[in-house]
Amino acid sequence: MPSEPFDRLAELRSLYDIARSSIAEADAEKRAPLIARAESLANQIDALMPTQKAGDSVDEIAARRAARGGATSRLGHAAGSAR
């Protein structure tokens with residue numbers, strides 16, 4: 001009987017949520033280790049999240065031109081220019 005695939009990211013998020021609610025409910029003297037654990041879980045979650053490449057403004061302009069189908073996106077130069 002095949003079991004469901006383990007989703008590490010979902011498990012870490014669940015543990016993080018439990019840690020956060022435990023911090024809110026814990027006595028002040030017991031919060032430090034819970035906070036440290038929540039920070040550790042947040043770092044692990046961040047490490048597993050897909051990275052997004054931040055494009056520069058030229059990349060963003062080129063993407064918009066390509067999306068609208070402008071001549072410069074197809075030809076790499078302004079329309080009407082002779083090759």
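Reader: Hello! Which element is included in what covers the buried residues of α1?

Author: Welcome! This is a predicted model, and α1 runs through residues 8-25. Its buried residues are Leu9, Leu12, Ala19 and Ile23. Part of what covers these buried residues is helix α2.

Reader: Where around α1 do its buried residues sit?

Author: Let's start with the residues themselves: Leu9, Leu12, Ala19 and Ile23 are the buried ones in α1. Because they cover an arc of only 80 degrees around the axis, they are all on the same side of α1.

Reader: And which exposed residues does the face of α1 turned away from its buried side carry?

Author: Exposed here means over 50% relative accessible area. On the face of α1 turned away from the buried side, the exposed residues are Ala24 and Glu25.

Reader: Which residue caps the N-terminal end of α1?

Author: Look for a side-chain oxygen that lies 3.3 Å from the backbone nitrogen of Leu9. That Leu9 is also one of the buried residues of α1. The oxygen at the N-terminal end of α1 belongs to the capping residue, Asp7.

Reader: Let's move to α2. What do its buried residues pack against?

Author: The buried residues in α2 are Ala38, Leu41 and Ile45. Seen down the axis, they fall within an arc of 65degrees, so they line one face of the helix. What the buried residues of α2 pack against is α1.

Reader: How many residues make up the largest nonpolar core?

Author: The core includes Leu9, Leu12, Ala19 and Ile23, and it also includes Ala38, Leu41 and Ile45. Two or more residues come from each of α1 (8-25) and α2 (31-48). In general, nonpolar side chains in soluble globular proteins tend to be buried together.

Reader: Leaving aside neighbours within four places in sequence, which residues is Leu41 in contact with?

Author: Once its neighbours within four places in sequence are left aside, its contacts are Leu12, Leu15, Tyr16 and Ala19.

Reader: Is Ser40 buried, partly exposed or exposed?

Author: Ser40 has its place in helix α2. The C-alpha atoms of Ser40 and Tyr16 are separated by 9.0 Å, although the two are 24 residues apart along the chain. Buried means under 20% relative accessible area and exposed over 50%. Ser40 is at 29% relative accessibility, so it counts as partly exposed.

Reader: What distance does α3 reach from its first C-alpha to its last?

Author: Helix α3 covers residues 57-68, twelve residues in all. After it comes Gly69, whose phi is positive, near 80 degrees. At 1.5 Å a residue, 16 Å would be expected for α3, and its reach is close to that, at 17 Å.

Reader: Stepping back, how many helices are in the chain?

Author: From the N terminus on, the elements run α-α-α-α. The chain has zero strands, and its number of helices is four.

Reader: What percentage of the residues in the chain is buried?

Author: The chain has 83 residues and exposes about 7,000 Å², with carbon and sulfur atoms supplying 53% of that area. Buried means under 20% relative accessible area. The share of buried residues in the chain is 12%.

Technical notes:
Residues are numbered from 1 along each chain as its sequence is written. This is a predicted model: local features need pLDDT of at least 70, side-chain atom pairs count only at pLDDT 80 or more; totals for chains, interfaces and linings use all residues. Side-chain values use heavy atoms; hydrogens and water are left out. The expected span of a helix is 1.5 Å times one less than its number of residues. A nonpolar core is a set of buried Ala, Val, Leu, Ile, Met, Phe, Trp, Tyr and Cys residues joined through side-chain atoms within 4.5 Å. Buried means under 20% relative accessible area, exposed over 50%, partly exposed in between (1.4 Å probe, protein chains only). Contact means heavy atoms within 4.5 Å. Accessible areas come from the Shrake-Rupley method with a 1.4 Å probe; for residues, only the protein chains shown count as cover. The arc is that of the directions from the helix axis to the C-beta atoms. A polar contact is a pair of N or O atoms within 3.5 Å; within protein, one must be able to donate a hydrogen and the other to accept it, and residues adjacent in sequence count only if both atoms are side-chain atoms.
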